[in-house]
Amino acid sequence: MLGALCLAVLLGYASGCGKPAVPPQLDTRVVGGEDAVAHSWPWQISLQYYSSGSWYHTCGGTLIASNWVLTAAHCISSSLTYRVFLGKQNLEVENEAGSRAVGVEKTIVHEKWNSFLIINDIALIKLAEEVEETDTIQAACLPPADLVLENGYPCWVTGWGRIITNGPLADNLQQALLPVVDYATCSQWDWWGSNVRETMVCAGGDGVVSGCNGDSGGPLNCQRDGLWEVNGIVSFGSGLKCNLQKKPTVFTRVSAYIDWINEKISSN
């Protein structure tokens, strides 16, 4: 396939953010993607829509507070009914231990979201109820405002996206190592050029590992000072092939939107 500034007051979680009860397994070399250790990314959610009597996975997202999820603007449609599934490992198992589905009270898409230029690709989902922190459901941390990670910083993309271009969605949550590609590199003409902005972060681009359809809205997980932050939101990639060389997965850079996130949460 292809979580440190915490909102401590908003989270309502005594143990804070970005510290999974089950640590992710990161000491293996990743080629493509691999099954994540169950519940090692406990802030990862599956955003699902209702159609013809069934629920379908459409995007990923990140739990950042007890009743708030961060995702991509392009994942949200005003015509659909959504639910958020938390604590999931296998999407095919409806009654999976440690998981729960929660309704959506409201969605907030960035006012300056531009689907043509793919800028300001960020949205918040307010859950219909607060969820209790458990070993399988925890929040990721938000990064400090304006943080820019250096070239090559090790981060991981997670999601249930297609495991190969035009292939099937993954059943089990996948993880893949995607090192950060700095703006100076990613904005070069033979990389993403002017399509990438400084409010974005690129990661990957080796032609082997990438995000793909179905990963949209999910987190770029980067660890700093022992805590996991959501430093990016899966936004776009190459339309030709998910893992195209010099076309890294492009994420909305969360640190560029901390003020927006805080304002929306505090006013809603």
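User: What is the handedness of the link of Cys 155 and Cys 222, left-handed or right-handed?

Analyst: This is a predicted model, in which local features need pLDDT of at least 70 and side-chain atom pairs count only at pLDDT 80 or more, while totals for chains, interfaces and linings use all residues. Residues are numbered from 1 along each chain as its sequence is written, and side-chain values use heavy atoms, with hydrogens and water left out. Cys 155 and Cys 222 form a disulfide (a pair of cysteine sulfur atoms within 2.5 Å), with the sulfur atoms 2.0 Å apart. The angle about the S-S bond is 110°, and the link of Cys 155 and Cys 222 is right-handed.

User: How many residues apart are Cys 155 and Cys 222?

Analyst: Helices (H or I, at least four residues) and strands (E, at least two) are DSSP runs, numbered from the N terminus. Cys 155 is in strand 8 (residues 155-159) and Cys 222 is in strand 12 (residues 219-224). The pair links distant parts of the chain, 67 residues apart.

User: Are Cys 155 and Cys 222 buried or exposed?

Analyst: Buried means under 20% relative accessible area, exposed over 50%, and partly exposed in between (1.4 Å probe, protein chains only). By these cut-offs, both Cys 155 and Cys 222 are buried.

User: Why is strand 12 described as largely enclosed?

Analyst: The count of buried residues decides this. Strand 12 is largely enclosed by the rest of the structure because the buried residues in it number 5 of the 6.

User: How many bridges join strand 8 to strand 12?

Analyst: In this pairing, Val 157 stands opposite Leu 220 in strand 12. Strand 8 and strand 12 run antiparallel, and the number of bridges joining them is 3.

User: What is the angle about the S-S bond in the link of Cys 59 and Cys 75?

Analyst: A disulfide joins Cys 59 to Cys 75, with an S to S distance of 2.1 Å. Cys 59 is in strand 3 (residues 54-65), and Cys 75 is in the loop between strand 4 (68-71) and strand 5 (82-86). Both Cys 59 and Cys 75 are buried. The link is left-handed, with an angle of -90°.

User: Which parts does the pair Cys 186 and Cys 202 tie together?

Analyst: The sulfur atoms of Cys 186 and Cys 202 are 2.0 Å apart, and they form a disulfide. Its angle of -85° about the S-S bond makes the link left-handed. Cys 186 has a relative accessible area of 0% and is buried, as is Cys 202 with 3%. The pair ties together parts 16 residues apart in sequence, namely helix 2 (residues 183-186) and strand 11 (residues 200-203).

User: Within what arc do the buried residues of helix 3 fall?

Analyst: In helix 3 (residues 258-267), the buried residues are Ile 258, Trp 260, Ile 261, Lys 264 and Ile 265. They line one face of the helix, because seen down the axis they fall within an arc (of the directions from the helix axis to the C-beta atoms) of 165°.

Note on methods
Two strands pair if DSSP finds at least two bridges between them.
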